Amino acid sequence: VSKQRGRNRFSWFDPSMERELQTRNAIETGIREGIPAGQFVPFYEQQVDLATGRIHGFEMLARWNHPELGLVSPDMFIPIAEEAGMIGDLSLSIMRQAFAEARNWAPELTLSVNISPSQLKDPWLAQKIVKLLVETGFPPNRLEVEITESALFENLGLAQSIVGSLKNQGIRIALDDFGTGYSSLAHLRALPFDRIKIDRSFVSSINENQESAAIVNAITRLGDSLGLPITAEGIEDHVIEERMKDMGALKGQGWRFGKPMGVEQVRALLADQNLLPAARAPEPDEEP
Ligand code: C2E
Ligand code: MG
Ligand code: MG
Ligand code: MG
């Protein structure tokens with residue numbers, strides 16, 4: 001055992017560590033070159049109005065469309081992009097694409113975007129987002145920004161001022177992944193949230209795990225008494241959907257409704273449900 005420890009202590013000689021570092025550097029270079037090359041694209045996950053079962057909007061989720069690896073999940077590149085100071089550019093690049101796309105959806109549909117903790121350290125974040133909205137013509141009152149609690153810890157004052165600017169523009173703010181991480185009820189008062197999203201780890205296990213059920217129940221009651229609507233993420237089947245509805249969640253998302261989709265799939269889905277006005281059949285006097 002001691003020999004093992006001794007070897008680990010000199011781990012900078014460990015060839016596997018070096019390989020790890022090389023992989024990391026390769027990913028970082030790949031991100032730096034991939035952003036201007038348009039390799040980062042938005043995927044979209046349906047958010048459903050639980051009372052009616054109708055699509056309410058979509059959450060934008062980043063994907064890396066890598067020339068060799070194919071679609072790479074955000075867990076692989078968001079943390080590295082954050083550490084390397086590239087998350088701001090990456091995020092703006094996919095937001096621009098998503099705003100331009102969502103502009104063509106039916107006017108009642110919303111778009112949610114995720115903001116990383118390090119983006120809340122950029123005093124110009126709100127201005128950058130507003131500029132994109134103006135350039136793409138997507139209305140601010142159809143945009144919701146999702147922030148996790150850990151983001152608030154790092155610089156509450158700056159986070160408050162950014163959120164204030166966003167809200168002044170009519171943009172809504174959601175507290176994402178509630179119940180995980182550094183959960184604190186005080187955070188609910190620190191920022192003027194419009195919605196709470198219950199983390200999928202509680203929702204998807206609600207039928208197998210008593211504690212999950214108790215936590216979900218407590219959060220929905222809390223939302224109710226604070227007047228904050230609840231979105232449940234991670235609704236994986238019909239049984240969970242019914243339970244979340246009973247507990248008072250207004251919106252839901254998860255595999256029960258659909259996995260994150262590429263832009264072509266979203267267009268097909270919306271066209272099918274008559275939620276894509278721009279794709280309507282051409283008028284008789286219009287060019288085909
Ligand atoms: P999140 O915001 O909590 O997003 C929801 C994640 O849960 C998505 O994973 C989605 O695919 C997954 N999910 C949705 N429904 C279900 C379900 O029913 N069951 C299970 N097991 N999983 C479900 P994804 O796309 O891999 O995103 C992971 C996380 O990456 C997101 O978590 C979000 O925090 C982050 N992320 C994604 N896109 C962006 C982005 O553009 N910017 C930032 N800052 N973070 C992003
Ligand atoms: Mg989210
Ligand atoms: Mg989550
Ligand atoms: Mg979430």
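Modeller: A definition comes before the metals: donors are N, O and S atoms within 2.8 Å of the metal, and water is not among the atoms, so sites may look incomplete. Keep in mind that this is a predicted model.

Start with the magnesium ion (ligand 3). Its donor residues follow the spacing D-x21-D-x33-E in sequence. They are Asp-177 (OD), Asp-199 (OD) and Glu-233 (OE). Their distances from the ion run from 2.1 to 2.5 Å. Asp-177 belongs to strand 6, while Asp-199 is in the loop between strand 7 (195–198) and helix 9 (200–203), so this pair ties together parts that are 22 residues apart in sequence.

Asp-177 coordinates both the magnesium ion (ligand 3) and the magnesium ion (ligand 4), which are 3.0 Å apart. The magnesium ion (ligand 4) is held at 2.2 Å by Asp-176 (OD), Asp-177 (OD) and Glu-233 (OE). Along the chain these donors read D-D-x55-E. Distant parts of the chain are linked here too: Asp-177 is in strand 6, and Glu-233 is in the loop between strand 8 (230–232) and helix 11 (238–247), 56 residues apart.

Asp-176 takes us to the remaining magnesium. Asp-176 bridges the magnesium ion (ligand 4) and the magnesium ion (ligand 2), and these two lie 3.4 Å apart. The protein donors of the magnesium ion (ligand 2) are Glu-59 (OE), Asn-114 (OD1), Glu-146 (OE) and Asp-176 (OD). Glu-146, in strand 5 (residues 143–148), and Asp-176, in strand 6, are 30 residues apart, and the pair links distant parts of the chain.

Now ligand 1. For Glu-233, an N or O atom of the side chain is 3.4 Å from an oxygen atom of ligand 1. On its own, ligand 1 exposes 800 Å², and the protein buries 86% of that.

Ligand 1 sits in the largest pocket. The elements giving two or more residues to its shell are strand 2 (54–66), helix 3 (74–83), strand 4 (110–115) and strand 6 (172–178). Strand 2 gives the most, five residues. In total 23 residues surround ligand 1, and the closest are Ala-62, Ser-116, Arg-200, Glu-236 and Trp-255. By class, the shell has ten nonpolar, four polar and nine charged residues.

Technical notes: Residues numbered from 1 in each chain as written. Chains lettered and ligands numbered in written order. Predicted model: local features only at pLDDT ≥ 70, side-chain atom pairs only at ≥ 80, totals over all residues. Heavy atoms only, no water. Near = heavy atom within 4 Å. Polar contact = N/O pair within 3.5 Å; in protein donor to acceptor, adjacent residues only side chain to side chain. Areas by Shrake-Rupley, 256 points an atom, 1.4 Å probe, with all protein chains shown as cover. 1 Å grid on protein atoms, 1.4 Å probe; cavity = no way out; pocket = protein on both sides within 12 Å on 5 of 7 lines; lining within 4 Å. Sits in = over half its atoms within 2 Å of the grid points. Helix = DSSP H or I, 4+ residues; strand = E, 2+ residues; numbered from the N terminus. Nonpolar A, V, L, I, M, F, W, Y, C, P; charged D, E, K, R; others polar. Donors = N, O, S within 2.8 Å, 3.2 Å for Na, K, Ca; no water.
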